Amino acid sequence: MLQVMTPFLTAKLAGQFVAVDAVGLLMSTLQIVLLPVLGGAFLNQYFQGLVKFVSPVMPTIAVVTVAVLCGNAIAQNASAILMSGRQVVLAAALLHASGFFFGYILSRILGLDVSSSRTISIEVSMQNSVLGVVLATQHFGNPLTAVPCAVSSVCHSVFGSVLAGIWRRSPPVKVQD
């Protein structure tokens with residue numbers, strides 16, 4: 001649902017400052033998000049041997065793809081990032097830190113177990129910044145529009161990895177019924 005609403009919310013909220021093609025954003029979002037999911041489900045259903053063969057290398061391919069997309073956006077705008085990078089990095093860091101924190105705390109307040117709360121914390125904070133990089137690059141003329149998403153992707157990747165490493169070292173206590 002978020003993938004469908006994001007283009008229209010972008011048009012509504014940012015459309016007063018820049019021209020936003022909500023339908024174009026929606027189509028790109030569906031191509032970037034929905035088609036790979038449907039393709040993966042199809043392959044998993046009908047070509048399980050192929051899926052088992054390529055599955056071990058897919059996380060590496062995903063990491064390299066994210067690094068290339070974000071690295072490209074950062075490299076193209078290095079001087080602008082150096083001039084105002086502190087604000088962008090601080091904003092992205094605070095966004096993701098608050099996502100991790102509130103995702104965990106609110107889940108615990110709602111009575112979820114520690115393991116589920118940790119999962120929700122990571123899911124809340126690790127939103128798809130790479131989707132933002134691709135959409136900004138494709139649909140906005142100024143290459144600087146991709147920079148906050150690229151910096152955000154780096155921040156949530158670093159923070160998420162550190163937090164997952166910490167939580168891996170302290171597994172949640174199993175409660176016996």
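Biologist: Rings of Phe, Tyr and Trp (its six-membered ring) pair if their centres lie within 6.5 Å; planes under 30 degrees apart are stacked, over 60 edge-to-face, the rest tilted. Which residues form one aromatic cluster here?

Modeller: Phe42, Tyr46 and Phe47 make up one cluster. Bear in mind that this is a predicted model, where local features need pLDDT of at least 70 and side-chain atom pairs pLDDT 80 or more, while totals for chains, interfaces and linings use all residues. Numbering starts from 1 along each chain as its sequence is written, and side-chain values use heavy atoms, without hydrogens or water.

Biologist: How many aromatic pairs in the whole structure?

Modeller: The search of the whole structure gives 4 aromatic pairs. Phenylalanine 42 with tyrosine 46 is a tilted pair. Their ring centres are 5.0 Å apart, with 50° between the planes.

Biologist: Where do phenylalanine 42 and tyrosine 46 sit in the helix?

Modeller: Both belong to helix H2, residues 22-46. Phenylalanine 42 and tyrosine 46 are 4 residues apart there, so about one helical turn separates them. Helices here are DSSP runs (H or I, at least four residues; strands are E, at least two), numbered from the N terminus.

Biologist: Is tyrosine 46 buried or exposed?

Modeller: Tyrosine 46 is exposed, with 56% relative accessible area. Phenylalanine 42 is partly exposed, because its relative accessibility is 44%. The cut-offs are under 20% for buried and over 50% for exposed, partly exposed in between (1.4 Å probe, protein chains only).

Biologist: Zooming out. What's the overall fold pattern?

Modeller: The order along the sequence is α-α-α-α-α-α-α-α. That is 8 helices and 0 strands. The C-alpha atoms fill a box of roughly 55 × 45 × 30 Å along the principal axes. The protein has 177 residues, and 25% of them count as buried.

Biologist: What share of the contacts comes from residues 24 or more positions apart?

Modeller: Such residues account for 65% of the contacts with a separation of 6 or more. Contact means heavy atoms within 4.5 Å.

Biologist: Which residues does UniProt list as "transmembrane region"?

Modeller: The unreviewed UniProt entry lists residues 22-43, 50-75 and 87-106. Such annotations may be inferred rather than shown by experiment. In the model, residues 22-43 are 100% helix and 0% strand, with end C-alpha atoms 30 Å apart. Residues 50-75 are 88% helix and 0% strand. The end C-alpha atoms of residues 50-75 are 35 Å apart.

Biologist: On to H6 and H8. At what angle do their axes cross?

Modeller: Roughly 170°, and the axes come within 10 Å. H6 covers residues 114-125 and H8 covers residues 147-169. The two helices are therefore roughly antiparallel (over 145 degrees). Arg118, Ser121, Ile122 and Ser125 of H6 make the contact with His156, Leu163 and Trp167 of H8. Axes are lines fitted to C-alpha atoms over the stretch in contact, with angles from 0 to 180 degrees between N-to-C directions.

Biologist: And serine 153, what is it in contact with?

Modeller: Leaving aside neighbours within four places in sequence, serine 153 contacts Val66, Cys70, Ser129 and Val130. Serine 153 is part of helix H8. With 2% relative accessibility, serine 153 counts as buried.

Biologist: Last one. Which helix holds threonine 137?

Modeller: Threonine 137 is in helix H7, residues 129-139. Threonine 137 is exposed, at 54% relative accessible area.

Biologist: What separates the C-alpha atoms of threonine 137 and tyrosine 46?

Modeller: Their C-alpha atoms are 34 Å apart. Along the chain, threonine 137 and tyrosine 46 are 91 residues apart.

Notes. Parallel < 35°, antiparallel > 145°, perpendicular 65-115°, else oblique.
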